Amino acid sequence: MSKADKIFVEMCRDIIDNGWSDEGLDVRPKWEDGAPAHTIKKFGVVNRYDLSEEFPILTLRPTYLKSAIDEILWIWQKKSNNIKDLKSHIWDSWADENGSIGKAYGYQMSVKHKYKEGEFDQVDRVLFDLKNNPQSRRIMTNIYVHQDLSEMNLYPCAYSMTFNVTGKKLNAILNQRSQDTLTANSWNVCQYAALVHMFAQVSGLEVGEFVHVIADAHIYDRHIPLVEELIKREQFDAPKLIINKDIKNFYDFTPDDFVLENYKAGEQIKNIPVAI
């Protein structure tokens, strides 16, 4: 059985059974009909995935890996803040008439900073250190830049990655301030796990542990019945992730370089209401 399924089910069960509800309070998110979108949440959820054992994708329902990877490459490889550079439409609600989401996500990855070794943006600094100074305890990124928040159409949710090399294994921590568990959990886990795989491959390392820290892990009120049904479903074995081993440069990766072998999953949940 997929360990990602086990972790997801236990997290959702804990949120529903032991979480805190903001019902009755004034909340920012609204449903399409204008009703307040309340949540039940747990603070400080920490999930650990050993990427050397399996790729952490849900089998309870499908996760579209190529689309998830396209988004992570949009941020980390293209360093774009324009939805015209992205195939999916999940960011459309936050884009302006020109397609820009402001100084958010990929924009922050493109900003160059001065270091002793030269001038790098955050992505190139990580790649430089993994190859030249892998024992550093300072290999990290952060896109929650307070001075630019007023010019971001959406504050970053997944905002910081910390990389750590132990022996020949690349480990990583993703810090996320907030997560809509039903719609985003597997998506975020898959895309950042794939990012660790990419960085490990181009740095001559093996994948190790991926730790996902979520400050506010929540389930929206209208999602609770969907989650209850989802976590009762049959679970299947995790698929095998096949990556094009010919890629030696991070900037050469495309979504087509990733294939899931023997991926079996339950039916997709359609028409999930999304709070904005």
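Trainee: Is Thr-63 buried or exposed?

Mentor: This is a predicted model, in which local features need pLDDT of at least 70 and side-chain atom pairs count only at pLDDT 80 or more, while totals for chains, interfaces and linings use all residues. Residues are numbered from 1 along each chain as its sequence is written, and side-chain values use heavy atoms, with hydrogens and water left out. Buried means under 20% relative accessible area, exposed over 50% and partly exposed in between, with a 1.4 Å probe and protein chains only. Because its relative accessible area is 9%, Thr-63 is buried.

Trainee: Which side chain forms a polar contact with that of Thr-63?

Mentor: Thr-63 lies in the loop between strand S2 (39-50) and helix H2 (65-76); helices (H or I, at least four residues) and strands (E, at least two) are DSSP runs numbered from the N terminus. A polar contact is a pair of N or O atoms within 3.5 Å; within protein, one must be able to donate a hydrogen and the other to accept it, and residues adjacent in sequence count only if both atoms are side-chain atoms. At 2.7 Å, the partner side chain is that of Ser-186.

Trainee: How many residues of H5 are buried?

Mentor: Tyr-192 is found in this helix, which covers residues 181-202, and at 4% relative accessibility Tyr-192 counts as buried. Leaving aside neighbours within four places in sequence, Tyr-192 has contacts (heavy atoms within 4.5 Å) with residues including Trp-76, Met-161 and Phe-210. H5 is largely enclosed by the rest of the structure, because the buried residues number 21 of the 22.

Trainee: Which strands are the edge strands of the open sheet?

Mentor: The sheet has six strands in the order S1-S2-S8-S7-S6-S5, with mixed pairing. Two strands pair if DSSP finds at least two bridges between them. Those that pair on one side only are strand S1 (20-21) and strand S5 (140-142).

Trainee: What angle does the direction of H5 make with that of S7?

Mentor: Axes are lines fitted to C-alpha atoms, for helices over the stretch in contact, and angles run from 0 to 180 degrees between N-to-C directions. H5 packs on the sheet, touching S2, strand S6 (158-166), strand S7 (169-180) and S8. The angle between H5 and S7 is about 155 degrees.
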